[in-house]
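Here is a short report for someone meeting this structure for the first time. Take a look at the sequence and the model before reading on.

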Amino acid sequence: MIPRLQSLPAELRDPAFFKRCLIEYGESALFIDTEEWLSDDNPYRRTLRPHVFKYLDFSRPLRRDELLTYTGLSANRTLLTIYESDFLLLPRKDFGAKRQDFEEFYSPRLKVLGEIVRPELESFLFHFLGEEISVTGHWTASSLKAYLEDYARSIRQGSDNKAMAAILGSADPVHAAKTFLIQLAGDFLLESSAMSRNILGRYGAIQSALFKVVIDEYGYGVHKTKHSTVFERLLERCGLDSSPHTYWQFYLTSSLLLNNYYNWICRDHSRFFRYLGAIYQAETAFIASCQQMADMMRQVFGADAEVQYFLEHVHIDQHHSRMVLDELIMPAIESFGEGIILDIVRGFEEGKLLGDIAEQDFCQQVRWSDNGGKYKTLHPAIYARIKEGSIHPKMQQFVEPRGELSVTHVHDGDELCHIQSGVMRFVTGHERYTLLHAGEGTVIQRNRLHGAIIDSEECVYNIYSIGDHQKCL
Ligand SMILES: [Fe+2]
Ligand SMILES: [Fe+2]
Ligand SMILES: [Fe+2]
């Protein structure tokens with residue numbers, strides 16, 4: 001039993017009841033598999049691969065080394081969908097044609113089912129933070145201030161940015177940069193929606209201080225300066241679509257996790273003080289990383305690359321970082337006591353850890369995408385061992401017609417894909433794929449996002465669960 005759920009009434013804790021509600025939630029037409037890689041200006045449709053729900057176990061929380069498993073991806077996609085049903089999302093065009101989806105997305109049926117499954121998904125995903133981070137010791141307002149200022153100083157002195165290094169070192173830096181922008185888009189196109197959950201209520205002067213930060217994010221009501229609008233411009237200049245969640249299938253698990261984390265701590269107001277630590281960390285880290293992102297953009301897309309979004313944040317987040325410390329954190333401790341400091345430190349550390357996890361996941365995905373050719377060349381040797389019978393992995397065979405699309409997903413162990421007949425486009429990112437013909441195949445690395453589409457009248461292929469491909473070579 002997940003500890004946080006013990007306070008729920010027994011009926012709501014029943015795993016069978018959770019599963020029934022999750023499956024029913026997934027029965028909505030909004031979440032079924034699609035035949036397209038991108039979603040076209042429809043913020044309500046997001047594929048969750050709901051046909052797999054019945055096989056998944058969310059009852060035991062993930063450990064850190066399990067975060068990027070299939071169940072982790074599935075929980076993250078579902079949880080973000082539930083969270084965003086609190087936000088008003090409208091398409092840019094053809095509302096009439098999407099009206100039914102709009103009604104369905106905000107329907108009492110989905111709202112209630114989503115609320116029932118939400119706590120279990122949250123515990124499933126975030127329980128590991130309690131295990132990974134322990135905050136102890138005697139903290140005072142002044143020791144916290146020194147700790148946080150020290151962090152800001154270290155950020156100003158500069159640190160290496162592994163994600164930027166991965167982009168610049170990629171075999172296809174434009175693709176890697178776009179993959180990175182897609183990860184940001186999941187959050188930035190709805191920028192500050194999660195934090196705005198803390199705007200309502202009544203809690204004194206710090207409420208107004210937080211509101212000032214939100215007003216900046218919203219460009220003081222001038223739409224073209226709203227941060228999300230500035231980010232839309234950046235995406236468009238890079239040839240990417242700027243509607244929310246066009247690239248839903250290409251979000252990495254860790255990008256979704258980070259986005260969900262802010263929603264989680266902002267939606268559950270008992271975690272407000274944790275949020276103060278997390279927002280300080282985000283605003284402060286952003287000062288340096290936005291400069292690094294602007295530099296990367298110019299290197300990849302040329303000197304006239306659109307970087308206003310990043311430069312704006314290098315500037316404004318110096319204020320936001322200061323404001324959060326002086327006008328939110330310090331006054332909060334004065335009003336609510338030093339007992340909240342451990343929460344603040346916890347939020348700060350959690351934000352940092354999740355940022356590191358996202359960075360690492362991104363770097364691995366860039367390598368995975370870049371090495372499409374290498375993974376393909378590993379196929380013959382492993383397939384030969386299966387044929388000669390020296391290894392006996394579990395096998396599943398699929399027969400699919402032209403155009404059949406396997407929605408992006410991950411596997412928990414390495415797999416070997418072998419094409420019996422026909423042609424498959426094996427997809428490892430937006431507009432990135434390896435062609436596999438009859439007799440060919442590829443290793444699919446565990447936890448790496450991929451999908452497929454059939455490029456011939458029919459394709460017959462086998463998937464072997466090989467566990468660890470190194471051991472099969
Ligand atoms: Fe912003
Ligand atoms: Fe900011
Ligand atoms: Fe797969």
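This is a predicted model: local features need pLDDT of at least 70, side-chain atom pairs count only at pLDDT 80 or more; totals for chains, interfaces and linings use all residues.

What spacing do the donors of the iron ion (ligand 3) follow along the chain? The pattern is H-x1-H-x38-H.

## The iron site

Three histidines coordinate the iron ion (ligand 3): His 409, His 411 and His 450. Each of them uses its NE2 atom, at 2.1 to 2.2 Å. His 411 sits in the loop between β2 (405-409) and β3 (414-421), while His 450 belongs to strand β7 (residues 450-454), so this pair ties together parts that are 39 residues apart in sequence.

Are His 411 and His 450 buried or exposed? Both His 411 and His 450 are buried.

Asn 447 lies in the loop between β6 (441-444) and β7. Its relative accessible area is 9%. Buried means under 20%, so Asn 447 counts as buried.

Which residues does Asn 447 touch, leaving aside those up to four places away in sequence? They are Leu 68, Thr 69, Val 410, His 411 and Asp 412. One of these, His 411, is also a ligand of the iron ion (ligand 3).

## Three domains

The protein chain is divided into domain 1 (3-128), domain 2 (135-369) and domain 3 (373-472). The C-alpha centres of domain 1 and domain 2 are 24 Å apart. Domain 1 puts 32 residues into the contact, and domain 2 puts in 33 residues.

## The second largest pocket

This pocket has a volume of about 770 Å³. Its lining is made of 33 residues. Nearest its centre lie Arg 49, Gln 396, Phe 398, His 409 and His 411.

Several elements give two or more residues to the lining of the second largest pocket: α3 (70-84), β1 (394-401), β2, β3, β4, β7 and β8 (458-467). By type, the lining residues divide into 15 nonpolar, 10 polar and 8 charged. Why does the second largest pocket lie between domain 1 (3-128) and domain 3 (373-472)? Because both domains give residues to its lining.

## Enclosed cavities

Rolling a probe the size of a water molecule over the atoms shows where empty space is left. How many cavities of 30 Å³ or more are there? The count comes to 3.

The largest cavity holds about 100 Å³ of space. It is lined by 15 residues, and those nearest its centre are Thr 179, Phe 250, Gln 365, Thr 428 and Gly 429. Two or more lining residues come from each of α8 (173-188), α14 (341-370), β4 (424-429) and β7. The lining of the largest cavity has 5 nonpolar residues, 10 polar and no charged. Domain 2 (135-369) and domain 3 (373-472) each give at least three residues to this lining.

## The second largest cavity

About 40 Å³ of space lies in the second largest cavity. Its lining consists of Ser 170, His 175, Ala 176, Thr 179, Gln 365, Val 366, Ser 369, Asp 370 and Arg 432. Thr 179 and Gln 365 are also among the residues nearest the centre of the largest cavity.

Which element gives the most to the lining of the second largest cavity? That is α14, with 4 residues. The elements giving two or more residues here are α8 and α14. The lining of the second largest cavity divides into 2 nonpolar, 5 polar and 2 charged residues.

## Two positive phi angles

Most residues other than glycine have a negative phi. Asp 94 is not a glycine, yet has a positive phi of about 55°. It is found in the loop between α3 and α4 (95-105). With a relative accessible area of 51%, Asp 94 is exposed.

Tyr 220 also has a positive phi, of about 50°, and is not a glycine. Where is Tyr 220 placed? Its place is in the loop between α9 (205-217) and α10 (227-237). Tyr 220 is exposed, with a relative accessible area of 59%.

Methods. Residues are numbered from 1 along each chain as its sequence is written. Chains are lettered from A and ligands numbered from 1 in the order in which they are written. Side-chain values use heavy atoms; hydrogens and water are left out. Donors are N, O and S atoms within 2.8 Å of the metal (3.2 Å for Na, K and Ca); water is not among the atoms, so sites may look incomplete. Buried means under 20% relative accessible area, exposed over 50%, partly exposed in between (1.4 Å probe, protein chains only). On a 1 Å grid over the protein atoms alone, a cavity is a set of points where a 1.4 Å probe fits but cannot get out, and a pocket is an open set with protein on both sides within 12 Å along at least five of seven lines; lining residues have an atom within 4 Å of a point. Grid points are joined across faces, edges and corners, and a volume is the space filled by probe spheres set on the points. Ala, Val, Leu, Ile, Met, Phe, Trp, Tyr, Cys and Pro count as nonpolar, Asp, Glu, Lys and Arg as charged, and the others, Gly among them, as polar. Domain bounds come from an automatic or database domain assignment. Contact means heavy atoms within 4.5 Å.
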